[in-house]
Amino acid sequence: MSNVSDTDARVSERGAVSIKVVLGLLLAATAAFLVMKLAPVYIEQQKVVHDGIELARVAAIRGWPEDRIAKDIKRLSTEYSLPEDGINLLSRSDKGVQIALRYERSVDLLVTSYAWKVDYTALGKDL
């Protein structure tokens with residue numbers, strides 16, 4: 001027989017750490033890294049979508065001609081450093097203006113690269 005009554009006598013020993021703690025810290029660090037890499041791309045996407053919706057709405061309400069809409073599309077493309085075909089005018093009719101937002105951003109994740117794709121159609125309706 002053993003005279004040791006407690007099997008967890010060394011748990012409080014210095015430097016002893018549970019595997020659960022190590023895995024939890026690793027998971028938290030990975031989540032923080034992903035948030036730091038993906039949050040700026042998501043915020044930019046939301047700004048582009050908002051500006052595209054606003055452009056479609058204003059163009060429909062004011063009845064802008066296609067060349068004026070194309071000028072503002074060019075301004076948005078240069079402001080957000082989008083490719084030439086990133087923002088396109090789909091249609092302009094009496095019912096409204098449709099603007100397509102289709103572009104891709106590459107996010108470097110150390111071991112791989114993620115392609116963040118944006119595909120949204122902004123519809124501006126006339127009053």
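This is a predicted model: local features need pLDDT of at least 70, side-chain atom pairs count only at pLDDT 80 or more; totals for chains, interfaces and linings use all residues.
Good morning. I shall begin with the sheet: three strands form an open sheet in the order β1-β2-β3, with antiparallel pairing. Strands β1 (87-92) and β3 (113-125) stand at the edges with a single partner strand each, so one side of each is left without a neighbour in the sheet. From one strand to the next, the twist averages 15°.

Residues are numbered from 1 along each chain as its sequence is written, and side-chain values use heavy atoms, with hydrogens and water left out.

A few terms are needed here. Helices (H or I, at least four residues) and strands (E, at least two) are DSSP runs, numbered from the N terminus. Two strands pair if DSSP finds at least two bridges between them. Axes are lines fitted to C-alpha atoms, for helices over the stretch in contact, and angles run from 0 to 180 degrees between N-to-C directions.

Let us look at the first pairing. Strand β1 and strand β2 (residues 96-108) run antiparallel and are joined by five bridges. Leu 89 stands opposite Ile 99 in β2, and Ser 91 stands opposite Gln 98 in β2. The hairpin that joins β1 to β2 passes through three residues.

Now the helices. Helix α1 (residues 19-62) packs on the sheet and touches β2 and β3, where contact means heavy atoms within 4.5 Å. The direction of helix α1 makes about 165° with that of β2. Helix α2 (residues 66-79) lies across β1 and β2, and runs at about 160° to β1.

I turn to the aromatic residues. A search of the whole structure finds two aromatic pairs. Rings of Phe, Tyr and Trp (its six-membered ring) pair if their centres lie within 6.5 Å; planes under 30 degrees apart count as stacked, over 60 as edge-to-face and the rest as tilted. The rings of Tyr 42 and Trp 116 have centres 6.4 Å apart and planes at 70°, so this pair is edge-to-face. Because Tyr 42 lies in helix α1 and Trp 116 in strand β3, the pair ties together parts that are 74 residues apart in sequence. For Tyr 114 and Trp 116, the ring centres are 6.3 Å apart and the planes at 80°, so that pair is edge-to-face.

Trp 116, at 16%, counts as buried, whereas Tyr 42, at 43%, counts as partly exposed; Tyr 114, at 41%, counts as partly exposed.

Finally, Gln 45 lies in helix α1 and, at 16% relative accessibility, counts as buried. The side chain of Gln 45 makes a polar contact with the side chain of Trp 116 (2.7 Å). A polar contact is a pair of N or O atoms within 3.5 Å; within protein, one must be able to donate a hydrogen and the other to accept it, and residues adjacent in sequence count only if both atoms are side-chain atoms. Thank you.

Methods: Buried means under 20% relative accessible area, exposed over 50%, partly exposed in between (1.4 Å probe, protein chains only).
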